[in-house]
Amino acid sequence: MELRQLTYFLEVAKHKSITKASEALHISQPALSKMIKSLEEELDMTLIIRTNKTSELTDGGFIVMEYAQKVLSQIDEMSITLNDLTSLKRGSISIGLPPIIGSLYFPSVMAEFHKKYPNISINITEYGAAKVVKGVEESEFELGVAVLPVDENEFNIYPIVEDEMKLIIHLNHSLANRDVIYLHELKNEEFIFYHEDFALHDIMWKKFIAEGFEPKILFKSSQWDFMSEMVGANLGVTILPESICNRVENKQVKIMNLEPVTPWNLAVITKKNKYISYAARTFIEFFL
């Protein structure tokens, strides 16, 4: 069995198509089909059910896919380890980053890091914080920025930000003359809220439930500036971290303190018991 066979097989499994996989691999369709057929003959098992439109995995195919991913991951890890010997003369870092966080803290850090280590490429994927955690857990990323808490048994945690949630309301709102708003007082408000794959969604939803109500959701968004503009248009209220609220420039809104206080703490996370490249470790040290 060759690594190339496994690589080609995973590409077919990914695309569910011999044709699309051959295009992605830049090889001919007959050559790819022959490679898959030789793997099946070697294992004495059908791995792919071929039709005119798709190539679906058999039960055996799913098992081979799982182990092929593990094998190739180990090969990648070996390559990363060897690249460390070049003392950061080359390398790459994969980072999962929530969009709502990226614009706040990362541009200046990225610029300084690139200036110091120009040959290290940084590959950023934007996901909601909950999906970032899953991505790190499944080794899609080396590093992720997550909203705490996360499972300390599963991840190494490097705290970077301590913040708290604030309420944004329109200047003409009946509560705008108050110093502090209690969460239960928002029972009848319409919210500009976050999508379900954002950690903030679950954090605040649990807070609402603890106060005895489910929030009325008018709109959902992943963009803090859009959320604050909707409040400025007097379409509802929203709750965002203080560091984000401090960037809101709309003169039609007011930032209010909330009780009970809801913390919003961020950390860089890595998966425990997994090799982390020297480039990634250097980035963590640089960021902290």
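Me: Which residues form one aromatic cluster with Trp 205?
Reply: Keep in mind that this is a predicted model. The cluster is made up of Phe 191, Phe 193, Tyr 194, Trp 205, Phe 208 and Phe 213.

Me: And how many aromatic pairs does the structure hold?
Reply: There are 11 aromatic pairs. One of them is Phe 191 with Phe 193, an edge-to-face pair with 6.3 Å centre to centre and 80° between the planes.

Me: Why does that angle make it edge-to-face?
Reply: Because planes over 60 degrees apart count as edge-to-face, and these two are at 80°.

Me: Is Phe 191 buried or exposed?
Reply: Phe 191 is buried, and Phe 193 is too.

Me: OK, on to the core. Which residues touch the most other members of the largest nonpolar core?
Reply: Tyr 194, Ile 239 and Phe 283, out of 59 residues in that core. Helix α5 (residues 99-116) supplies the largest share, with 7 residues.

Me: What is Tyr 194 in contact with, leaving aside neighbours within four places in sequence?
Reply: Its contacts include Met 165, Leu 200, His 201, Met 204 and Ile 239. Lys 220 and Ser 221 are also among them.

Me: What about a second core?
Reply: There's a separate one of 20 residues, including Met 35, Leu 39, Leu 47 and Leu 57.

Me: Switching topic: which ring does the charged end of Lys 131 sit over?
Reply: That's Tyr 127, with the charged end 4.4 Å from the ring centre. Lys 70 also lies over a ring face, that of Tyr 67, at 5.0 Å from the centre.

Technical notes. Residues are numbered from 1 along each chain as its sequence is written. This is a predicted model: local features need pLDDT of at least 70, side-chain atom pairs count only at pLDDT 80 or more; totals for chains, interfaces and linings use all residues. Side-chain values use heavy atoms; hydrogens and water are left out. Rings of Phe, Tyr and Trp (its six-membered ring) pair if their centres lie within 6.5 Å; planes under 30 degrees apart count as stacked, over 60 as edge-to-face and the rest as tilted. Buried means under 20% relative accessible area, exposed over 50%, partly exposed in between (1.4 Å probe, protein chains only). A charge sits over a ring if NZ of Lys or CZ of Arg is within 6 Å of the ring centre and within 35 degrees of the ring normal. A nonpolar core is a set of buried Ala, Val, Leu, Ile, Met, Phe, Trp, Tyr and Cys residues joined through side-chain atoms within 4.5 Å. Helices (H or I, at least four residues) and strands (E, at least two) are DSSP runs, numbered from the N terminus. Contact means heavy atoms within 4.5 Å.
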